[in-house]
Amino acid sequence: MKLDTASRRRIEVFELRLRIELATIEAYHRVCQPENPLLFINNVPGRLSIVIGLVPPEEFAEAAGLVRLVRHVYGRASDILHGRSSMVDAPAVIIDEWRSIVERLETLAGVRPVVDSN
């Protein structure tokens with residue numbers, strides 16, 4: 001079965017949303033070190049700020065800015081997936097931008113290895 005472009009992009013949006021949720025769970029485990037593993041997380045936008053606990057104090061402002069961006073991506077992705085947005089077919093450039101933001105979150109949360117650009 002061949003998917004049309006809009007369907008593929010919605011799948012990409014869904015994947016990004018799942019990656020945000022998984023990074024939030026990973027950050028929770030790294031910061032809180034719970035006795036029992038957390039398998040899912042509710043209130044992702046509210047709990048995203050836990051990633052700030054993963055950085056040294058001098059990087060708090062940058063991490064807080066990243067959390068703000070990720071909350072925006074999560075909210076817009078949810079709007080698209082739940083039909084609350086007129087942007088059903090998200091442009092590729094927006095998805096690419098969202099992907100780079102999610103990758104930064106994953107690196108901070110320890111889900112993605114840090115890649116040295118040198």
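Modeller: Contact here means heavy atoms within 4.5 Å. The model is predicted, with local features needing pLDDT of at least 70 and side-chain atom pairs counting only at pLDDT 80 or more, while totals for chains, interfaces and linings use all residues. Residues are numbered from 1 along each chain as its sequence is written, and side-chain values use heavy atoms, with hydrogens and water left out.

Biologist: Which residues does R17 touch, not counting residues up to four places away in sequence?

Modeller: R17 is found in helix α1, helices being DSSP runs (H or I, at least four residues) numbered from the N terminus. Leaving aside residues up to four places away in sequence, R17 touches Y74, A77, S78, L81 and H82.

Biologist: Is R17 buried or exposed?

Modeller: The cut-offs are under 20% relative accessible area for buried and over 50% for exposed, with partly exposed in between (1.4 Å probe, protein chains only). R17 has a relative accessible area of 17% and is therefore buried.

Biologist: What covers the buried residues of α1?

Modeller: Besides R17, the buried residues of α1 include V13, L16, I20, E21 and I25. Their cover includes α2 (44–47), α3 and α4.

Biologist: Which residues in α4 does α3 meet?

Modeller: On the side of α3, the residues involved are A63, L66, L69, V70, V73, R76, A77 and I80. In α4 they meet W98, I101, V102, R104, L105 and L108.

Biologist: At what angle do α3 and α4 pack?

Modeller: Helix α3 spans residues 60–81 and helix α4 residues 92–109, with their axes 10 Å apart. Axes are lines fitted to C-alpha atoms over the stretch in contact, and angles run from 0 to 180 degrees between N-to-C directions. The packing angle is about 130°.

Key: Helix = DSSP H or I, 4+ residues; strand = E, 2+ residues; numbered from the N terminus.
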